Amino acid sequence: MTVDAQFRSLGSIERVTRRELILDRLRSAVSTGELAPGTHLAETELSASLGVSRGTLREALRHLEEEGLLSKDARGRLSVRVVTPEEVREIFDVRFALESAAAEVVCQRDDLDEVVPQLREALARMEESEQASIADQVAADLAFHEAICIASGNRTLVESWRRVSGLARAVITAAGQETAIANMSAARHAPIVEAIASGDADLARGVLRAHNTSARDVIAARMEASLSR
């Protein structure tokens, strides 16, 4: 490899890293409500604020649009997606379908005793995040649910869950940070781990359904109450 080729390779890595940093920053801002639903994202102002080129910013915005965090109006302008109560219910129902299917597979694994400690570690990270920022709490919450799907060993299921997780980020703080923090507590998630650890697939499905339904209904109800004011 020539020296020029080596330099080009290093430059490419730097650009990708910068793009990912911008993507993570914007995703966090949307997830935590720092960028409120409905906020118009003007490329010129946003690129100047973040100190990046409009091309780099455009790539990140396109990615967030694909995740469902941003929406485009008839004139092609991007804004932070406004999620409706009905969409909240749909998103949580899809998450439950995927996670309960994953939990059922995990319960049937011959090496369940080796898998459960991984879920306990994800739960411990959730507990640690309770002393951190809400962005860290959102990340830890999603990582816990993703860990259940990963433990299933079903790559298609994991990929499907990751597509939905973008939408899940949009609804976690939809009813306000107080509700989000309560829903993301480690204490609420501990029964899920214990149910899976028991190896009882029906129990795990039931616990997941109760966990999912509770969060779904609270968020949707508070959004509806807010809209009716």
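# Exercises on a Predicted Model

Apart from its neighbours within four places in sequence, Ser47 is in contact (heavy atoms within 4.5 Å) with Val52, Ser53, Arg54 and Leu57. The model is predicted: local features need pLDDT of at least 70, side-chain atom pairs count only at pLDDT 80 or more, and totals for chains, interfaces and linings use all residues. Residues are numbered from 1 along each chain as its sequence is written, and side-chain values use heavy atoms, with hydrogens and water left out.

## Exercise 1: Ser47

State in which helix Ser47 lies and whether Ser47 is buried or exposed.

Step 1. Ser47 lies in helix H2, which covers residues 43–50; helices (H or I, at least four residues) and strands (E, at least two) are DSSP runs, numbered from the N terminus.

Step 2. The relative accessibility of Ser47 is 7%, so Ser47 counts as buried. Buried means under 20% relative accessible area, exposed over 50%, and partly exposed in between, with a 1.4 Å probe and protein chains only.

## Exercise 2: The chain as a whole

Describe the order of the elements, the extent of the C-alpha trace, the surface and the charges of the protein chain.

Step 1. The protein chain has 10 helices and two strands, and from the N terminus on they follow the order α-α-α-β-β-α-α-α-α-α-α-α.

Step 2. Along its principal axes the C-alpha trace spans about 60 × 55 × 35 Å. Of the 229 residues, 43% are buried.

Step 3. Among contacts between residues at least 6 apart in sequence, 73% join residues at least 24 apart.

Step 4. The accessible surface is about 12300 Å², and carbon and sulfur atoms hold 50% of this area. Such areas come from the Shrake-Rupley method with a 1.4 Å probe; for residues, only the protein chains shown count as cover.

Step 5. There are 28 positive and 36 negative side chains, and the centres of the two sets are 7 Å apart. Lys and Arg count as positive and Asp and Glu as negative, while His and the chain ends are not counted; each charge is placed at NZ of Lys, CZ of Arg, CG of Asp or CD of Glu.

## Exercise 3: Helix H9

Identify the buried residues of H9 and the elements that cover them.

Step 1. H9 (residues 186–197) has 12 residues and reaches 16 Å from its first C-alpha to its last, close to the expected 16 Å.

Step 2. Its buried residues are Ala186, His189, Ile192, Val193, Ala195 and Ile196. Their cover includes helices H4 (85–107), H5 (112–129), H6, H8 (177–183) and H10 (201–228).

## Exercise 4: Leu26 and Val88

Give the helix of Leu26 and that of Val88, and list the contacts of Leu26 and of Val88.

Step 1. Leu26 belongs to helix H1 (residues 3–31) and is buried at 4% relative accessibility. Not counting residues up to four places away in sequence, Leu26 touches Leu35, Leu46, Leu50, Leu57, Ala60, Leu61 and Leu64.

Step 2. Val88 belongs to H4 and is buried, with a relative accessible area of 0%. With residues up to four places away in sequence again left out, Val88 touches Val83, Val171, Arg216, Ile219, Ala220 and Met223.

Step 3. Val88 and Met223 are 135 residues apart in sequence and 9.4 Å apart in space, C-alpha to C-alpha.

Methods. The expected span of a helix is 1.5 Å times one less than its number of residues.
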